[in-house]
Amino acid sequence: MEARVDGAVQTRQVLFLCVFLAMSWAGAEPLGYSVAEETERGTFLANVANDLGLGTGELSARGPRIVSDQNIQFLLLNPLTGDLLLNEQLDREELCGSTEPCVLPFQLLLEKPFQIYRAELQVRDINDHSPVFLDREFSLKILESAAPGATFLLESAQDSDVGINSLRNYTISLNAYFHINVHDGGEGNIVPELVLDQMLDREKIPEITLTLTAWDGGSPARFGTALVHVLVLDINDNVPEFEQSIYKAQIPEDTPIGSLLVTVSARDFDTGSYGEIHYAFFYATEKILKTFQINSTSGNLYLKAELNYEVIQVYTLTIQAKDGGGLAGKCTVVVDVTDVNDNPPELLITSHSSSIAENSPETVVAVFRVRDKDSGNNGKMVCFTQEDLPFALQPSIDNFYTLVTERPLDRECNTEYNITITVSDLGTPRLQTQHTFTLQVSDVNDNAPEFTQSSYTLWVRENNSPALHLGTISATDRDSGSNAQLTYSLLPGPDAAAGLVSINADSGQLFALRALDYEALQAFEVRVRAADRGSPPLSSQALVRVQVLDANDNSPFVLYPLQNASAPCTELLPRAAEPGYLVSKVVAVDRDSGQNAWLSFQLLKATEPGLFSVWPHNGEVRTARLLSERDAPKHRLLLLVKDNGEPPRSASVTLHVLLVDGFSQPYLPLPDAAAPERAQPDRLTAYLVIALAAVSSLFLLSLLLFVAVRLCRRSRARSLAGCALPDGPLPGHLLDVSGTGTLAHSYQYEVCLQEGAGTNEFKFLKPVFPNLSPQVPGNELEGMPSFRNSLGFNIQ
């Protein structure tokens, strides 16, 4: 982390020292990109990182930025991937009008180190406009004396598209008198002419209606139509003629609305209505009609709307003079708009520093760009700052400037500077723009960070979601500026805490990286380091202890009777047992702690309801009444073991009970009890079985001979694989029908083994020494967590 901070400081210094070398790179051929108009927003144009020969990570680290003179941000650069995307749909006609090609210049600015690449986006035209006639119907008056081959100008259509998509041809509906002729009208437009094929006779046909169709060159082609009403007139043999074929007017862009621009004049030697001339626009665009107005009788051309040199510099108008007989002549009026100084300079701050360390060498304080929409001297600019400040402006290409320190700054002399950058144009009158910002002079780093506490304790419940916010570690630094900007990190610690938590380097927020398990780890400690960004950096440490809280995420596990044995465990019950006789005891454990490990027992289902009961707190199964001859010899009990968690978890256990007249009756397993499916025991079961087998072996060695002799004395005809018990009642020290037995104390049991059984199954019959204390110290066995069973004591 310290290396990263030092690297950031060095990178910034290299940026400012190499700013002029970076400028030389920008003199290369501009980068060219192309996109069709009306392309959807977000369309991928190119990868700038590949075009510049930079890696994606390198491009992002250098702080790329798109700078454009346009009023809209038409491009969007993803600094992480280097993808250049279209920020909004572009309308070529709105951006460039009739100008072709439509090129939008912009600059690609890299701040670290400072470097500028010129680029341009060409907006390709699509055929999205059909040719349109301003008048859908118009009349054409032709003298009946007109000779075949005579031509008559028709109204032209307008098409906002350019290139191949612009207006390309005209056609006329089929008729016997006219055909259409198209010729170049100059300035890149075509003009339709109606050519007379044969003489007209007004007495036979006074009017002819034709359909004029304008076609563009797109694919598919678009078209627009207009109706031409040809009126056949009596002879009018003089056409109005203008005194000049071209009129020129040069006016400033701030000319008031209503001003007279130019007067056109035409004459006609005819008399009467044939000599009366009316002036009107011919082939006028919508922009011209909104900007200019002509007096139909005097020929005076007036300004109708404000002009803007920055938008349109030249207007070309075609004015038609038509006499009363329908004959017309035309002239061209060219209006040149001259620039005035009506736009103040613009100052665009690209980046600037808010503070600088004292005694620093020559450093770049700000990078900015200036521009002026005017032209000539009105667009020329000069930049300057106050003379009494230790800063200098250094020009670069494309009107970029850098503000640098002339000498090392002394904080003891001045703690801050109010810098005003002024940019002024050379027009008349001069217009200027100012930008003021404050530069702080920071102190050296002489204070180490201080934590609000020397140690922190955080609590988190187990099974938490990854990225859970554990808490916030906070430190303060009495320094200012970058010397007080702190970065938090975790110091290497014990292996148990490795990879468990992470810290937000900026805010000090601690997050869990993965789910924690209370049964595996109850608490761990980490050390947090807070380092400032001074040079050299100073740091301090704090201890954070994370306590894991238990959650009820483990179901009870039944230790006895075993549910995964190959043969079911059967309990023997004498028919002479008194009510409350201890039949068996369900032993279960829960890996959780606290109330999540408090177990309760419940009898869910029994072969004969009311015969047995289970104590809810210790799992002892006892008889509820005296046995009778009508009671079935075989009983199956289904018990539920449930913990006290929220929500509670449970497990079920099946207990088989066989009624015998005495323990001399052979043990008969239940024929209908299906052998449980052999399952792979988990590690906990394996450990418990090994421990139980070790203890049981002590009993087996002493009792094996005695049990074998007694079992061999008697055998019944219907014997199954089991253990034979002696005839007659059990000895007094083995039979307990008082029903008061409990496993709240340590017990020793006399056991009976099943011969030929697949497992070493044994029976708990009765405690021999009920008064011994069962409390065993300690809560861990060979690295395994301690469990509290349903008997109330620890299983080690």
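## Basis of the report

A residue is called buried under 20% relative accessible area, exposed over 50%, and partly exposed in between, using a 1.4 Å probe and protein chains only. The model is predicted, so local features need pLDDT of at least 70 and side-chain atom pairs count only at pLDDT 80 or more, while totals for chains, interfaces and linings use all residues. Residues are numbered from 1 along each chain as its sequence is written, and side-chain values use heavy atoms, with hydrogens and water left out.

V444 has a relative accessibility of 45%, so V444 counts as partly exposed. V444 sits in the loop between strand 31 (432-442) and strand 32 (450-451); strands (E, at least two residues) are DSSP runs, numbered from the N terminus.

Leaving out residues up to four places away in sequence, V444 touches E358, D479 and N483, where contact means heavy atoms within 4.5 Å. D479 is 35 residues from V444 along the chain, and the C-alpha atoms of V444 and D479 are separated by 8.1 Å.

## Cysteines

The structure holds 1 disulfide, a disulfide being a pair of cysteine sulfur atoms within 2.5 Å. C96 and C102 form this bond, with their sulfur atoms 1.9 Å apart. The torsion about the S-S bond of C96 and C102 is about 60°, so the disulfide is right-handed. Both C96 and C102 are buried.

C331 counts as buried because its relative accessibility is 1%. C383, at 17%, also counts as buried.

## Aromatic rings

Rings of Phe, Tyr and Trp (its six-membered ring) pair if their centres lie within 6.5 Å; planes under 30 degrees apart count as stacked, over 60 as edge-to-face and the rest as tilted. The whole structure has 9 aromatic pairs. In one of these, the rings of F242 and Y279 have centres 6.1 Å apart and planes at 50°, so the pair is tilted. The pair links distant parts of the chain, 37 residues apart: F242 is in strand 15 (residues 241-242) and Y279 in strand 19 (residues 278-281). F242 is buried at 14% relative accessibility, and Y279 is buried at 7%.

F368 and Y401 form a stacked pair, 5.6 Å centre to centre with 10° between the planes. F368 lies in strand 26 (residues 364-371) and Y401 in strand 29 (residues 400-405), so the pair ties together parts 33 residues apart in sequence. F368 is buried, with a relative accessible area of 0%, and Y401 is buried, with 14%. Elsewhere, ring pairs link Y33, F74 and F106 into a cluster.

Conventions:
Helices (H or I, at least four residues) and strands (E, at least two) are DSSP runs, numbered from the N terminus.
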